[in-house]
Amino acid sequence: MENISNQSRRDFIKASAAAGGALVVGFHLPGKLAQAAEAGHAMPNAWIKVSADNQVTILVARSEMGQGVATSMPMLVAEELDVDINKVKVEFAPPAEVYINSLLGGQITGGSTSVRDAWEKLRKAGASARMLLVAAAAQEWGVDAGQVRAENGNLVGPGGKRMSYGMAAPKAAQMEPPKDVPLKPASSFKIVGNAKQKRLDTPQKVKGEPTFGIDTRVPGMLYAAVAMSPYLGGKAKAYDDSRAKNMPGVKAVVQYSRGVAVVADSYWQAKKAKDLLEIDWDEGPNAGMNMQKIWAGLRDASKQPGAVFREAGDADSALSGAAKTVTSTYQLPFLSHSPMEPQNTTAHVTADKAVIITPTQFQQLIPHVVAGATGLKPEQVQVTTTYLGGGFGRRVEVDYAIDAAEISKAAGGVPVKMVWSREDDMTHDSYRPAGLYTLTAGLDSGGKMTGVRFHSTSPSISARLFPSIVKDGIDPFAVEGIDNFPYAVGNIKFTYQMHDSGVTPGYWRAVSHNLNAVALECFIDECANAAGKDPIAYRLAQIDMAESKHAWSGLSAGVSVGPRIKAALEMVRDKSGWGTPLARGKGRGVAVMEGYNTVIAIVAEVTVSANYDVALDRVVAVVDAGPLVHPDQALAQMESCINYGQSACMFGEITIKDNAVQQNNFDMYRVVRMEESPKIIEIHWVKPAANQPPGGLGEPGTAVVQPAIANAIFAATGKRVRTLPLTPENIRAS
Amino acid sequence: MKITFNVNGKNQTVDVAPDTPLLWVLRDSLGLVGTKFGCGKALCGACTVHLNNMAIRSCQTPVGSIAGQRVTTIEGLKMNNVQKAWIALDVPQCGYCQPGQIMSATALLAANKNPSDSDIDAAMSGNICRCGTYPRIRAAIKAAARMA
């Protein structure tokens with residue numbers, strides 16, 4: 001049996017990524033669109049399919065992982081197509097060049113980019129299709145296109161002529177798309193921005209009907225349970241399957257790159273047999289790794305100068321000449337994504353074809369990596385994206401799709417649904433990297449910052465996944481949330497030291513905003529305290545109001561952040577009741593950040609007990625995200641970010657001992673539950689400026705809520721916690 | 001071993017090892033995949049179903065222990081007030097944990113017509129949602145209580 005090693009897998013991804021600057025790998029449009037549509041349907045373009053009986057289906061080329069793209073994307077199309085949004089059907093698109101996310105260079109759902117990328121693109125798709133349908137009807141009736149108008153799924157012509165979109169669609173699909181596609185002004189929107197619009201998938205979701213990856217069933221399907229190395233980077237040297245293979249229902253025991261799989265008639269049979277495997281593991285290159293060594297390695301690496309990613313004036317002189325200096329190092333832990341649906345994939349690999357059905361955020365990459373793992377060609381790999389039971393960045397990785405393909409092939413080309421246990425999932429994640437963040441500020445006699453040094457030491461995620469975007473020692477995804485430093489300080493020097501700690505790092509919701517902005521916004525609070533100033537007043541007095549561009553934050557617009565930050569801070573001060581008295585043991589904390597072209601200011605209110613147990617009582621957020629496509633779900637994304645960030649900063653910590661991840665289920669990796677979720681969450685939206693484009697909402701709040709909570713704990717207790725998470729132990733030790 | 005029990009009003013006979021968790025019998029043998037696998041250790045609540053109208057974790061319930069008993073899954077709810085409130089408030093995000101949340105909430109409201117915040121905390125604390133739909137779940141439970 002041939003296996004592709006993890007190393008060659010990584011090399012392949014690197015090669016794919018390097019081939020096109022950003023990640024552009026060879027791709028094929030789904031043939032002529034008219035042919036791609038099944039009988040009885042016509043496709044005016046890649047996003048729209050119309051049946052003869054006038055059922056409009058909108059293809060969604062982003063993965064639905066809770067953020068609502070299966071509603072917001074169709075809303076954008078339907079606005080211009082002029083159809084009833086509540087009557088459209090939604091399908092998930094296959095991988096194809098036409099669906100590439102322009103902001104990421106690949107068909108990827110991530111980076112809070114879905115709405116931002118789609119904002120014009122999908123309205124134009126809807127408008128273009130409508131214009132084609134109008135033209136087709138005009139041709140049919142022998143009249144001028146100007147005499148035909150679209151009206152809620154129908155075409156209306158002179159003398160009471162009517163035709164459904166379904167009747168016009170086959171002809172429209174053969175016509176050349178218009179070059180000039182004017183769009184409605186925002187003031188005419190009927191669907192986009194409708195506060196009453198419901199999610200299209202909720203009625204199915206409350207009945208348990210949507211098919212997540214794990215729910216996939218195909219004819220003749222068998223189930224696989226896996227035994228992967230408990231050691232990070234380890235491999236199976238030898239295994240004894242004599243007991244496992246004789247268990248009821250077992251069809252095959254196969255070795256694959258990452259371990260040994262049992263294939264059986266049902267999942268439980270596969271799982272029980274898997275537990276009887278006896279495997280001799282080779283610990284691999286990381287033998288003996290533990291947190292002491294990882295932190296020592298990070299501390300050593302942090303002594304190196306790092307790469308400068310933002311500099312102005314002379315920070316060193318400003319610090320040495322300051323009336324007062326403040327310096328702190330923040331130590332932030334590894335985190336697991338832990339979506340509720342454990343990783344899984346259904347694969348059917350035969351001599352000339354692979355069918356992959358999987359919950360993925362990166363369907364475009366799968367044909368290439370599955371081809372690499374099976375010897376097939378990418379065009380022989382067919383990928384279907386299911387609903388995702390959470391994503392959070394974990395499913396940008398394609399490891400589990402490769403595993404399932406290898407297992408299907410090794411088991412003799414049978415269709416196999418591989419399902420990971422929660423333990424598999426939590427111990428084989430790509431983790432939010434642990435890192436060290438040292439900040440030093442010089443303050444003048446009035447407490448104002450005159451110089452700031454920032455130095456971070458952490459692994460580069462992109463060096464593994466998209467190495468071509470890493471330049472001169474700087475990974476753009478490692479400096480976000482700090483390279484857009486919004487305070488007016490004349491002398492700054494910000495450096496990043498890349499350091500691979502041996503634990504696979506992964507993109508984790510809001511990525512390095514969770515590291516850099518957490519450290520920065522806690523540190524600014526420290527400076528305010530050192531200056532004896534109110535934290536909001538201190539920030540407001542020092543915001544950089546000049547238009548600024550940030551070299552590295554590709555996912556931020558990077559212009560005119562200051563005035564938006566100022567407005568958000570003022571609004572959150574007023575909305576939160578900042579400064580009004582609180583009972584003993586309670587505290588308020590503030591944090592502000594721009595990320596993904598969205599500005600968020602949050603005030604968190606906590607109660608801290610005598611034992612340092614923290615209750616998050618209230619969160620008030622002000623969000624400047626431009627125009628909202630789907631307002632209620634924009635709100636839901638803020639609620640979601642607050643929850644995910646709360647879990648991270650209050651409880652989240654993955655640790656390594658004896659080269660193995662110590663936490664393997666929700667008893668050891670605690671996440672927020674109902675009783676810990678704040679009873680009061682207030683989200684206030686800043687009115688968009690004229691022509692302001694949408695900002696991203698899936699991620700930024702995750703980062704902002706964390707320093708707001710830490711700063712609230714300081715306000716309540718005087719304890720400045722610099723080692724996260726904010727557990728009673730870490731608070732007490734601070 | 002053949003085991004017969006009632007699922008959503010219908011008697012079902014399955015031939016599986018009696019230690020097989022009810023979760024996998026529902027999902028793999030009966031094709032009722034609305035009930036989800038989340039942790040396998042009764043820590044997350046994604047697999048919650050009703051056994052004789054009580055909310056239980058099907059991942060920790062050997063099917064051999066429930067012969068002759070009544071199981072209700074998400075597929076067996078006929079658009080009850082909890083589901084209606086869930087729709088009215090657009091509770092689900094990814095939706096994966098929601099069948100379990102809805103089964104727990106339905107059992108709560110069957111036992112307690114007007115639950116307080118602390119009743120909701122107690123009944124729902126075993127159901128994890130990583131998307132953070134807790135505020136809407138709390139509001140939807142209260143809305144469902146008002147519909148009754």
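**Terms and what backs them**

Reply: Gladly! In chain A, nine of the 10 residues of strand β22 (residues 586–595) are buried, so the strand is mostly covered. This is a predicted model, in which local features need pLDDT of at least 70, side-chain atom pairs count only at pLDDT 80 or more, and totals for chains, interfaces and linings use all residues. Residues are numbered from 1 along each chain as its sequence is written, with chains lettered from A and ligands numbered from 1 in the order in which they are written.

Me: What makes a residue of β22(A) count as buried?

Reply: A residue is buried if 20 or more other C-beta atoms, placed from the backbone, lie within 10 Å of its own. Nine residues of β22(A) are in that class.

Me: Why are β22(A) and β23(A) called paired strands?

Reply: Pairing takes at least two bridges found by DSSP. β22(A) and strand β23 (residues 598–608) are joined by 10 and run antiparallel, so they pair. For instance, A:Lys586 has A:Thr607 as its bridge partner in β23(A). Two residues lie between the strands of this hairpin, where A:Tyr596 takes a positive phi near 60°.

Me: What makes domain 1 and domain 2 of chain B contacting domains?

Reply: Residues are in contact if their C-beta atoms, placed from the backbone, lie within 7 Å. 15 residues of domain 1 of chain B meet that condition with 12 residues of domain 2 of chain B, so the domains touch. On the side of domain 1 of chain B that touches domain 2 of chain B, the largest share, three residues, comes from β3(B).

Technical notes:
A residue is buried if 20 or more other C-beta atoms lie within 10 Å of its own, exposed if 12 or fewer, and partly exposed in between; C-beta atoms are placed from the backbone. Helices (H or I, at least four residues) and strands (E, at least two) are DSSP runs, numbered from the N terminus. Two residues are in contact if their C-beta atoms, placed from the backbone, lie within 7 Å.
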